Amino acid sequence: MAQDASPKKPPAELPIITARTDSRDLLAKARQQAIQRGLDKYFIVDVDAHIGEGSCWPDVLKYIENPATREAAFSFGDGTGQNAFLNDTPGLQWQSAHGRITHGAGLKEPATDKTVPRPVDLSRKCMDMLGLDAQVFFPNGLLFLGMHPVPEMEIELSLAYNRWIVEEILPHEPRMKAMLYLPFNTPAAAEETVKRFRGAKGVVGFLITSTRHIPVHSNQYMRLYSMLEESGLPLGFHAHHNWHSDYTRQLNRFLSMHALSFTFSNMVHLTNWVINGLPERFPKLKVMWIESGLAWLAFLAQRLDNEYLMRVSEAPLLKKLPSDYIREMYYTLQPLETSNMKLTEATFDVIKADTQLLYASDWPHWDFDVPARLFDLPFLDDNARRNILGLNAAKVFGMEVPAKYRNEG
Amino acid sequence: MKELFVCNEGDIAEGGRKVVAEDGVEIGVFRVGGAIVAWRNHCPHQGGPVCQGRTMKRVEERLTDSKQSLGIHYVEGSLNVVCPWHGYEFDVRTGRHVGHDAMKLASVAVKNRDGAIYVVVS
């Protein structure tokens, strides 16, 4: 066995990762994975990222259009406005797994490029390390906003966020995209949001945060859906947790609550969406279900088919099985469940993943997925990989795929 | 196979570690219970930099004789390393995931030559 030629010279030492570690060091292995797998030859779109407004909340508040609310906001946070008016729940602070996953509590690293807003700097580092061609951003603190006890806050804060990301963030980096928040509890305000922002540079769709208690099939929303269908932009339902419902507050661990709550909200909304025939009413509206993972879909598809066939009189708008509608909608990958790979493969079949599934990282949250996670699945062929990593997103969002990728595969 | 010098034995305190990289191979070298152990810096979950994560004591849920919970507490003398990407948690002594024995870090042989620590890399 050979010994090192200079035996007393120690090799390079790697640092311990902390909350302040630079993203490029934290994600260095994702870059290695990309190189090893040739991922840079794939067009990759990340359809769920959350480098966002948290540390920039006072900047967001400046876009509140009602002066009374705007000035009041800066009475929060010892006059800084930090976290003003947000109805965040303690759950979000549990994301670090009690300090074990440092980035789960938010990226605390110093800025590298101070000439751009911090989210742009952080996003560029992530995109470069993961090999992304585009990243679609969603808010963090606003994921609870549908439950805000002050109804007008959803309207005022979401408009401020939408303006901030469109006017202050997206112009710096063409790879950064956004699906904008719809103040869904007030249909007229949601319609106004679509009118105001459709066509804005970098806006690739609109978003309903799923943590809310309002049926998506209510008649008051039909004009909004019609408007979205006409716009050609997708409508996303972004899941989140809720530790305060009658069911979830029985769960004594974040693990339990997160596992159920993130799927339960989208189960309810998807069930209402399908059983009330919304895919038949708005056949061209592209609907996307975000951040619930995939395992719930195999259950729901069979469950709804089973009940539908016995009680078809309750869902007369449907012209086919609920599972047929499920396989026509879109889903984001993360957090991908793989402890039983046969079930994972079957789930990909249930949702027709080759054409309906979109890669998503959820960076920098604690349960993020790197592109290699999808690439390494043993049952996918290269065509499916290419579609899921980016080409499906290109179709849904109308993104142009650069010529360098068109010759691959 | 090649022996790679890491450091002198006294350079790693009890519960401490060094994570080193050479020619694309990354290895975490730990001292636990007086022994030196080494693991590849590659989490079996998604390939994260597991050896660069936090080291923490294992936790246990204590029960009364009648099986009532007394809550979650540290296990004194234990040492886990937590992958900083997703929180997968491994016993530093055995390299095994603390909740799933079948999942294990890749071990690296360690040689102590007159107080100098080497790891064997292929």
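Reply: Happy to; below we chat about chain A as a whole and then some strands of chain B. Keep in mind that this is a predicted model.

Me: Thanks! How many helices and strands are there in chain A?
Reply: Chain A has 17 helices and 10 strands.

Me: And what is the radius of gyration of chain A?
Reply: It is 22 Å. A compact globule of 409 residues would come out near 22 Å, so chain A agrees with that expectation. Along the principal axes, its C-alpha trace spans about 80 × 55 × 50 Å.

Me: What share of the residues in chain A is buried?
Reply: Buried residues are 47% of the 409 in chain A. As for contacts in chain A with a separation of 6 or more, 79% are between residues 24 or more positions apart.

Me: Switching to chain B: which strand does β12(B) form a hairpin with?
Reply: That would be β13(B), with two residues between the strands. B:Asp114 sits in the turn and has a positive phi of about 55°. The two strands, β12 at residues 110-113 and β13, pair antiparallel over four bridges. Within that pairing, B:Asn112 stands opposite B:Ile117.

Me: Nice. What about β1(B), how many bridges join it to β13(B)?
Reply: Six bridges, again antiparallel, with β1 covering residues 2-8 and β13 covering residues 116-121 of chain B.

Technical notes: Residues are numbered from 1 along each chain as its sequence is written. Chains are lettered from A and ligands numbered from 1 in the order in which they are written. This is a predicted model: local features need pLDDT of at least 70, side-chain atom pairs count only at pLDDT 80 or more; totals for chains, interfaces and linings use all residues. The radius of gyration is taken over C-alpha atoms; the globule rule is 2.2 Å times the number of residues to the power 0.38. A residue is buried if 20 or more other C-beta atoms lie within 10 Å of its own, exposed if 12 or fewer, and partly exposed in between; C-beta atoms are placed from the backbone. Two residues are in contact if their C-beta atoms, placed from the backbone, lie within 7 Å. Two strands pair if DSSP finds at least two bridges between them.
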